[in-house]
Amino acid sequence: MEFEFDLIVVGAGSGGLAAAKRAASYGAKVAIIEVNKIGGTCVIRGCVPKKLMVYAAKSKKNIDSSEGYGLKSEGINFESKVLLKNIREEVARLSNLHRNSLNKLNITIFEGLGRFVTQNELEIICPKTRNIIDKISSKKILISVGGKPKKLNIPGIDLAWTSDDIFELEKFPKSILIVGGGYIACEFASIFRNLGTEVTQLIRGQRLLNGFDEDLSSCLEESPTFTGINIISNNQLISIKRVNGDLQSSLDSGDKIFTNNILIATGREPNLLPLNLDFLNLKMDGQFLDVDELNQTSNANIYAVGDIINRPNLTPVAIEQGRVFSDNFFNDQKRKVNYENIPKAVFTIPEISTVGLSEERAKHVYSEENIKVFKCKFTPMSNTFKENKSKCMLKIVVNKLTDKVLGCHMFGETSSEIIQMVSIALNAGITKKDFDITMALHPTISEEFVTMYR
């Protein structure tokens, strides 16, 4: 059978774009299908627009609390309409840049919903009319459609927002209930709170950021920039209804909460349903597509990367998966993705960053008696004259038997920038002694990583 393309990529998000561009650079004839704006979750409705909101919130917080530096502000007026408009314009600019880069590589763009007809053929469906626009075929097909926000199966759920909706707002609400305790929920809680919205956060368990090092969660909850948020723990949302212009949230405890709006941020799930995959009987890993080390599914022609496979669902991971796929199949390389010591950040105010094993996980893997923890907590110099006395926390987790550093964790300003460099050291197998003999750069926050001596 003769195919129209060497590769069809379904989904123009981070992983799909990386794979398509790399394959095309090797001379492959590539098509890419996207039903929304080119750029995917990260660029359009995730990392990028959210980080711009974080910058706005940090700027306002700094201005509000800097009178001790002689910087007096009389009633800073935050206009959320301006911020949201500017974010949408920036997202459109970035999406257009990605489109131009695809065009320069002669990658054919199909705008619509990709739906499998056979293992080698897809239909392009118009999302508005549901009519078939085109039909294309390829020897290899890469699925990179990403994830979508989970929705609770409760009465009135259509009255609530998901994270996708936030970036389409015209203005911020006066009050909001945020359901969830993960990084997306905490980031939006921090953004809204520091930009003047009254925030209530509802979590099913006892603490925020389950799965992160427990000290990071504690630092966030104790931070002055987060204490204005009303956290309700060990509780669940069971129904929503509109009452006199507001939304009434009923909890399983019997309590009722009234807010202008509700954000459901209870996680994300693979967005596979529209692809019509059932007839292919692809092997699944729970809700994810099951793939091998080459990102190949149980069908030899079909591959998958990004948030639809059970690997760390992070933008840089998807990008690397896409590039490794194309390097292997279009340039005869033998590459694998390195999933060790992946740095992560939570862009709250202050931010959280982590790489390697948490203290709890290290003790589980290596046993408690073989783990030594170094930790310091202090007020950073930048907060000396501020009303905001939020502290920093730095932590190193070490295997006592080998002196190898297993994990580094940080709560505080610029922690994501610092941990990115620390992750290089962990990948190189750094020991605690290597930290100890490294000269400090003073005065900085990061110098504490090399001054926590034995």
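Reader: In which element does serine 415 sit, and what makes that element a helix?
Author: Serine 415 belongs to helix α10, residues 415-427. The name follows from DSSP: a helix is a run of H or I of at least four residues, a strand a run of E of at least two, and both are numbered from the N terminus. The model is predicted, so local features need pLDDT of at least 70 and side-chain atom pairs count only at pLDDT 80 or more, whereas totals for chains, interfaces and linings use all residues. Residues are numbered from 1 along each chain as its sequence is written, and side-chain values use heavy atoms, with hydrogens and water left out.

Reader: Why is serine 415 called buried?
Author: Its relative accessible area is 0%. Buried means under 20%, exposed over 50%, and partly exposed in between (1.4 Å probe, protein chains only). Serine 415 is therefore buried.

Reader: What does serine 415 touch?
Author: Leaving aside residues up to four places away in sequence, serine 415 touches Glu351, Ile352, Ser353 and Met410. A contact means heavy atoms within 4.5 Å.

Reader: Which residues does threonine 431 touch, and how far in space is aspartate 403?
Author: Threonine 431 lies in the loop between α10 and α11 (432-436). With residues up to four places away in sequence not counted, threonine 431 touches Thr402, Asp403, Lys404 and Val405. Threonine 431 and aspartate 403 are 28 residues apart in sequence but 5.3 Å apart in space, C-alpha to C-alpha.

Reader: What makes β9 and β10 paired strands?
Author: Strand β9 (residues 198-202) is joined to β10 by 3 bridges, and the two run parallel. Two strands pair if DSSP finds at least two bridges between them, so β9 and β10 qualify. Glutamine 201 has isoleucine 231 in β10 as its bridge partner.

Reader: Why are β10 and β14 at the edges of their sheet?
Author: The open sheet has 4 strands in the order β10-β9-β8-β14, with parallel pairing. β10 (230-232) and β14 (261-264) each have a single partner strand, so one side of each has no neighbour in the sheet. From one strand to the next, the twist averages 20°. Helix α6 (residues 183-194) packs on the sheet, touching β8 (175-179), β9 and β14, and its direction makes about 165° with that of β9. Axes are lines fitted to C-alpha atoms, for helices over the stretch in contact, and angles run from 0 to 180 degrees between N-to-C directions.
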